[in-house]
Amino acid sequence: MNTSSLLRWLRKWASCILLLPGAGAALAQVPDFGTYPVYEGSDLGLTYNSRQSVFRIWSPVAEAAELLLYKHDSEGLPFRTVPMIRDEQGTWVANMPGNWVGTYYCFRVRIGQQWRQPVPDPYAKAVGTNGRRAQVVDLRRTDPEGWAQDASPAFGQNKATDAILYELHIRDASIDGASGIKHKGKYLGLAEWGTRSPEGLSTGLQHIAELGVTHVHLLPFFDYNSVDEAAPAKAQYNWGYDPLNYNVPEGSYSSNPADGAVRIKELKQMVQAFHQHGLRVVMDVVYNHVADAGSSNFEQLVPGYYFRQRPDGSLSDATACGNETASERPMFRKFMIESLLHWVQEYHIDGFRFDLMGVHDIETMRQIAQRLRQVKPDIVLYGEGWTAGASPLPDSLRALKKNAHLLDGIAVFSDDLRDGLKGSVFEEKDRGFVSGKAGMEPSIQFGIVAGGQHPQLAYDKVNYSKAPYTSAPEQAVAYAECHDNHTLADKLKLSVPGATPEQLMRMQQLAQGLVLTSQGIPFLHAGTELLRSKKGVENSYKSPDSINRIHWSSKAASMGTVQWVQQLIALRKAHPAFRIADAGVLAKALQFDVMAPPGTVAYIVNGAMVGDSWRLLMVIANSGSQEIKYNLPPGDWQKALSMQATSGPGKGAATVAAHDLLVLYLQ
Ligand code: CA
């Protein structure tokens, strides 16, 4: 377990503790899953039209299977029970003539003379309240007006390194009383344009679009378990890392969770609004475990198959949530691929962030990348290259950070840069480069070159990785903070107790500057531009809105930082020198100043070599609390940007203010 894993473990443990009883229940004996037939068709679940509904499930171990039809989404007995017919490759089918739209349904199978619990099948595309029953829905009737013409906006040349990611929780964006947003906490709240804070500043979608980011990464919005959709007035909150129905939108973000069509339509309206305003949508997906293995639809239909086991038959637990899925088994691999394709094709999703990707096997991730790129060549894929515990699948086969170069264009988060910038996320008092810790320069340089091979890098001095793990910049995500752990503002405040608010702000701005000028894919935590605080709460997965919400009234006081982030994004978008796609070119074009004084990271990029309009670009980051004079190479250096007005080129030397990032160029 590495340090990142430990933290994930703590968070997952906390978010899953209520589910633990039963989840780790031992199986008597692990069946030989390799003997199970694999279904090759692509019609698992419901195939609907107005003349018939065909239902197909996979359960090669069942002796009998039934389709149960219901009038309501959570109450009452089935009004009809339909025996299913055994079909090819372990599947069971029920063909129902007529138009069944609106009807709720479940399946149950008999194994060893025992009927198991009725469940929606894993392939269900619509469900009622709390995801207990699936629903027959005509997906074409869930399309908002203009959906057929909906197109994902271009970003740069649509390379992954052209993306600028912004990580946001749907509810956090609008729930604040000062958001000026009508549909607070809902999909539709993020579709509202032109909303204003009491101070008259833009909020929500318009605020995000004005920043200039290219992709909004949304925390889980598949149907998850922890929020009671039947009690919308109750004070409840969750990040949503506890999957229930993978192919269905979460109901608590919709205006009516009982009607399966409503949440589908409203999510599409949100995606459409994003696309219309130049933003792409990334979905945070959690295929590594389910909320509760024992009661899950997977386990009820095919016991044991979808989860990894230890040799004694008990469920293994690399997620620290009581179970881990088995992506290497063909029918779960198939499920992941078809589920992701559903989100791309039905909802026009533009990218995925894989939670605990290190749980999944490399071959599955490679097939996922290949299949998704056939449908959407410019899809952006990245994930956490770690787990939260030990897995029975060997490290060499799993999608871990150290294996990123094998992942076919799927990026991993650079915790090296994250903690290099601000200090370990596990040690509250630990500092990083921006908060004045000595010796962090190599970790920052490692992040700047996106975790790749560079001739000037002292790999043995990098905080975590002691060797390159990427073969192309598109394989690394550069970041300083995310939803996990303290926000950057809280971390700086806790670890630099003597600093003034002004100094803390400068440190945060320096971190933002380094993230947005690093090669690879930059990633911002929503609200970093507002110096977002969670009042020192480190793990806010179920904290109240008062902790998690974006405080829109804080925008007026943070406009300097908002504008700084906007300028950095504009600079990055205008200059390919910050978005070099080829590692070999990057190693030649980017040269560090190895003689830079301690506390300073400085480098030059040969713009001419990478098609930039500037011949040479220079970045100087001063993490010290004193202004420095930095000797410049010959030339008429011009200032591109700095946070502080006093920073800039002079005769033979540049002035760089305390905690500032200065970018210079030569025409
Ligand atoms: Ca739910």
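Lys401 is buried, with a relative accessible area of 12%, where buried means under 20% relative accessible area, exposed over 50% and partly exposed in between (1.4 Å probe, protein chains only). Lys401 forms a salt bridge with Asp416, and the closest N and O atoms are 3.0 Å apart; the term stands for a side-chain nitrogen of Lys or Arg within 4 Å of a carboxyl oxygen of Asp or Glu. Asp416 is also buried, at 0% relative accessibility. The pair links distant parts of the chain, with Lys401 in the loop between strand 16 (380–383) and strand 17 (411–413) and Asp416 in helix 9 (residues 415–422), 15 residues apart. Helices (H or I, at least four residues) and strands (E, at least two) are DSSP runs, numbered from the N terminus.

Before we go on, a word on the model. It is a predicted one, in which local features need pLDDT of at least 70 and side-chain atom pairs count only at pLDDT 80 or more, while totals for chains, interfaces and linings use all residues. Residues are numbered from 1 along each chain as its sequence is written, and side-chain values use heavy atoms, with hydrogens and water left out.

Let us stay with charged pairs for a moment. Side chains of opposite charge can pair when their charged atoms come close. Searching the whole structure gives 30 salt bridges. One of them joins the side chains of Arg353 and Asp284, at 2.8 Å from N to O. Arg353 belongs to strand 15 (residues 351–354) and Asp284 to strand 14 (residues 280–285), so this pair ties together parts that are 69 residues apart in sequence. Both ends are covered: Arg353 counts as buried at 2% relative accessibility, and Asp284 counts as buried at 0%.

Arg308 and Glu328 make another salt bridge, their closest N and O atoms being 2.9 Å apart. Both lie in the loop between helix 6 (297–301) and helix 7, so the pair ties together parts that are 20 residues apart in sequence. Arg308 is buried, with a relative accessible area of 2%, whereas Glu328 is partly exposed, at 26%. Elsewhere, a network of salt bridges links Arg140, Asp143, Lys268 and Glu346.

Now turn to the metal. The calcium ion is coordinated at 2.2 to 2.4 Å by Asp223 (OD), Tyr224 (O), Glu229 (OE) and Glu250 (OE). Donors here are N, O and S atoms within 2.8 Å of the metal (3.2 Å for Na, K and Ca), and water is not among the atoms, so sites may look incomplete. Along the sequence the donor residues follow the spacing D-Y-x4-E-x20-E. Glu229 sits in the loop between strand 12 (222–224) and strand 13 (243–249), and Glu250 in the loop between strand 13 and helix 5 (260–276), so the pair ties together parts that are 21 residues apart in sequence. Glu229 counts as buried at 4% relative accessibility, and Glu250 does at 0%.

The nonpolar interior comes next. A nonpolar core is a set of buried Ala, Val, Leu, Ile, Met, Phe, Trp, Tyr and Cys residues joined through side-chain atoms within 4.5 Å. The largest has 161 residues, and those with the most contacts inside it are Phe55, Leu67, Phe221, Trp343, Phe352 and Leu514. Helix 7 (residues 330–347) gives the largest share of this core, ten residues. Apart from it lies another core, of 20 residues, among them Ala160, Ala318, Val359 and Val477. Phe352, not counting residues up to four places away in sequence, touches residues including Val282, Leu340, Trp343, Leu372 and Tyr382, with contact meaning heavy atoms within 4.5 Å.

Helix 4 (residues 204–211) is mostly covered, with six of its eight residues buried. These are Gly204, Leu205, Gln206, His207, Ile208 and Leu211. Their cover includes strand 10 (165–168), strand 11 (215–218), helix 5 and helix 14 (559–574). After helix 4 comes Gly212, whose phi is positive, near 100°.

Our last stop is strand 22 (residues 616–622), which is mostly covered: six of its seven residues are buried. Strand 22 pairs with strand 21 (residues 600–606) in the antiparallel sense over seven bridges; two strands pair if DSSP finds at least two bridges between them. Within this pairing, Ala602 has Ile620 of strand 22 as its bridge partner. Strand 22 also pairs with strand 27 (residues 660–666), in the antiparallel sense and over seven bridges, and there Ala621 has Leu661 of strand 27 as its bridge partner.
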